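Colleague: Hi! Could you walk me through this one? I'd like to start with the sheet and then get to the pockets.

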Amino acid sequence: MNETRRVLIAADKFKGSLTAGQVAERVTAGLHRVVPGLEVEALPVADGGDGTVDAAVAAGFERREVRVAGPLGQEVTAAFALRGDTAVVEMAEASGLQRLPAGVFAPLTASTYGSGELLRAALDAGARTIVFGVGGSATTDGGAGMLSALGARFLDQDGEPVPPGGGGLADLARADLSGLDARLPSVELVLASDVDNPLTGPMGAPAVYGPQKGASPDDVASLDAALAHFAKVLEAEAGPRAAEHAAAPGAGAAGGIGYGALLLGARFRPGIEIMLDVLGFAPALERASLVITGEGSLDEQTLHGKAPAGVAAAARAAGKDVVAVCGRLALPEEALLRAGIGRAYPLTSVEPDVAKCIADAGPILERVAVRIAEDHLV
């Protein structure tokens, strides 16, 4: 073995089985079983969706917790990550599907108010750059709840606040953005998402993602009309840019919270791209000779901006070898090679029983890492 070999583990979580940090621990343990003195650097990654704050904390950010409103208005404890004057805020912490009671969906009434409270908490903590990771939302309110928490007012014909959620926007008569937090214009807000959908229409937030949040076909039609109306009313308040933002890539991210973020002046960047910057991936990549990436399921979605694709693209550009670990592999070899992944190692390659792979993902992943070490490091 080349004594100077150094491995960088830059993998996302195995959803429902292992956090990104646990994936790195298990892979490290497996590699060390074969090559005890191997230098291994772990940099858990995320693409802006759930697990983004955990990845930032694993990379040295400080975890901050705050009480905010969940999607149905109930109080929840949500976290954001802070290092210096940079904050990583994950909307799913406040407004994600995991914040709903089991089996409960609220497509018309779930609100992003708590996400706005999280952003405000980051401002209170002194953040001057906020990476706002969106994904896994329970909401389809166009970011109206978030904007309300930051000082905007959305009023009906009688001058009363409209009800929470996307459904309530059908009653919107007037939007008042004059009370928005005065600190926002001086902060760099980055919208981190792997979704480039517009706000409404056949590829919009309600049509594409509403059904995953429990929306019936009638709900989807209602939400699409309500969000289109929301954008129209905001155009009267904020001018043509409100209409431009509604059609912009990323506006439909996380039930349209992307639209609300763009109204605040956010810059849209692919989630994995900005997260690799924030986590310090480039210097870690420079030190590595082999990169191990991965996530729970390597499939068609992986190729569209998910963490392993971003890691592999950056590693390939730097001339580094890349392999991937995963629970389930649903990509042909040629698709992996096109993405810059030399070989993928699914858990099912050492344990054919899928139920066991999910239940005992950690020990099985260690065995997979032993194979990687035997194939690439000895």
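Modeller: Happy to. One term before the sheet: two strands count as a pair if DSSP finds at least two bridges between them. Also keep in mind that this is a predicted model.

Colleague: Got it. In what order do the strands of the open sheet come?

Modeller: Five strands make up the open sheet, running β2-β1-β11-β12-β13, and their pairing is parallel. The twist from one strand to the next averages 25 degrees.

Colleague: Which strands stand at the edges?

Modeller: Those are β2 (39–42) and β13 (343–346). Each has a single partner strand, so one side of each has no neighbour in the sheet.

Colleague: And how many bridges join β11 and β12?

Modeller: Eight bridges, in the parallel sense, with β12 covering residues 321–329. As one example, Ile292 has Val323 in β12 as its bridge partner.

Colleague: Let's zoom in on Val7. Buried or exposed?

Modeller: Val7, which lies in strand β1 (residues 6–9), is buried, because its relative accessibility is 0% and the cut-off for buried is under 20%.

Colleague: What is Val7 in contact with, beyond its sequence neighbours?

Modeller: Leaving out neighbours within four places in sequence, Val7 contacts Leu31, Leu38, Glu39, Val40, Glu41, Leu290, Ile292 and Leu377. The C-alpha atoms of Val7 and Ala288 are separated by 5.4 Å, although these residues are 281 apart along the chain.

Colleague: Now the pockets. What volume does the largest pocket have, and which residues lie nearest its centre?

Modeller: The largest pocket holds about 1,100 Å³ of space. Its lining has 35 residues, and Gly136, Asp194, Val195, Gln301 and Lys306 lie nearest the centre. Two or more lining residues come from each of α6 (205–209), α9 (253–263) and β11 (290–298).

Colleague: How does that lining divide into nonpolar, polar and charged?

Modeller: For the largest pocket, nine nonpolar, 15 polar and eleven charged.

Colleague: And the second largest pocket, what lines that?

Modeller: The second largest pocket has a volume of about 310 Å³ and a lining of 22 residues, with Lys13, Thr19, Asp50, Gly51 and Asp54 nearest the centre. Helices α1 (20–34) and α2 (52–58) each supply at least two of the lining residues. That lining divides into eight nonpolar, seven polar and seven charged.

Definitions and conventions. Residues are numbered from 1 along each chain as its sequence is written. This is a predicted model: local features need pLDDT of at least 70, side-chain atom pairs count only at pLDDT 80 or more; totals for chains, interfaces and linings use all residues. Side-chain values use heavy atoms; hydrogens and water are left out. On a 1 Å grid over the protein atoms alone, a cavity is a set of points where a 1.4 Å probe fits but cannot get out, and a pocket is an open set with protein on both sides within 12 Å along at least five of seven lines; lining residues have an atom within 4 Å of a point. Grid points are joined across faces, edges and corners, and a volume is the space filled by probe spheres set on the points. Helices (H or I, at least four residues) and strands (E, at least two) are DSSP runs, numbered from the N terminus. Ala, Val, Leu, Ile, Met, Phe, Trp, Tyr, Cys and Pro count as nonpolar, Asp, Glu, Lys and Arg as charged, and the others, Gly among them, as polar. Axes are lines fitted to C-alpha atoms, for helices over the stretch in contact, and angles run from 0 to 180 degrees between N-to-C directions. Buried means under 20% relative accessible area, exposed over 50%, partly exposed in between (1.4 Å probe, protein chains only). Contact means heavy atoms within 4.5 Å.
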